[in-house]
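Below are some short notes on the salt bridges of this model. Please read them alongside the sequence and the structure.

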Amino acid sequence: MKLTPEDQAKLAQLIDQTCREQPALNAPRALRSRVFAELERRAALPWWRKSFVNWPLPMRIVFVLAAIGVVQATLNMTLWFNDQLVVAQPVSRSLSWLQNISAFISFLQSLSDYLGATLLHRIPVSMLYGAAFGVLILYGLLLGLSAAAYRTLYATR
């Protein structure tokens, strides 16, 4: 049965009116006290146990600067490793951030080429196919166990 737009509007008004006429439900006293106790517990937490948005502004600035410092140190270590491993490509210390990232990517590519050339060609093709098949079997097993766990925990309630 298909409703006309007028009937749909009347039905929406009837549902809205019926919902508004329902009495307000009060939470059980035990639930209400547990909820308020949890709200008070969360409000009493120290700032470092709250989300980043609730941290004081100076602490947020210190954290962001520290994170930038960690990224810079990581890039510097990458350049040092690049200098140690890839002698044919000297890297200048006065590179910009973009050049640092480019050097890091080229280092990863040369490392993967080296590892690929030495390791991948020594593994028999049948073992590679077997490993790929094993990964697919394990993935299917993970999906099956996840579905069974979901049905056990949520669908039976």
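1. On exposure, a residue is called buried under 20% relative accessible area, exposed over 50%, and partly exposed in between (1.4 Å probe, protein chains only). Glu38 is partly exposed, at 29%.

2. The model is predicted: local features need pLDDT of at least 70, side-chain atom pairs count only at pLDDT 80 or more, and totals for chains, interfaces and linings use all residues. Residues are numbered from 1 along each chain as its sequence is written, and side-chain values use heavy atoms, with hydrogens and water left out.

3. A salt bridge here is a side-chain nitrogen of Lys or Arg within 4 Å of a carboxyl oxygen of Asp or Glu. The count by this rule is three.

4. Arg20 and Asp16 form a salt bridge, with 3.1 Å from N to O. They are four residues apart in helix α1 (residues 5-21), so about one helical turn separates them. Helices are DSSP runs (H or I, at least four residues), numbered from the N terminus. Arg20 is exposed at 66% relative accessibility, while Asp16 is partly exposed at 38%.

5. Glu38 pairs with Arg41 in a salt bridge, the closest N and O atoms lying 2.7 Å apart. The two are three residues apart in helix α2 (residues 29-43), which means a separation of about one helical turn. Arg41 is partly exposed, with a relative accessible area of 44%.

6. Which residue besides Glu38 takes part in the salt bridge of 3.0 Å, N to O? That partner is Arg42. Glu38 and Arg42 lie four residues apart in helix α2, about one turn of the helix. Arg42 is exposed, at 51%. Through shared partners, the salt bridges join Glu38, Arg41 and Arg42 into one network.
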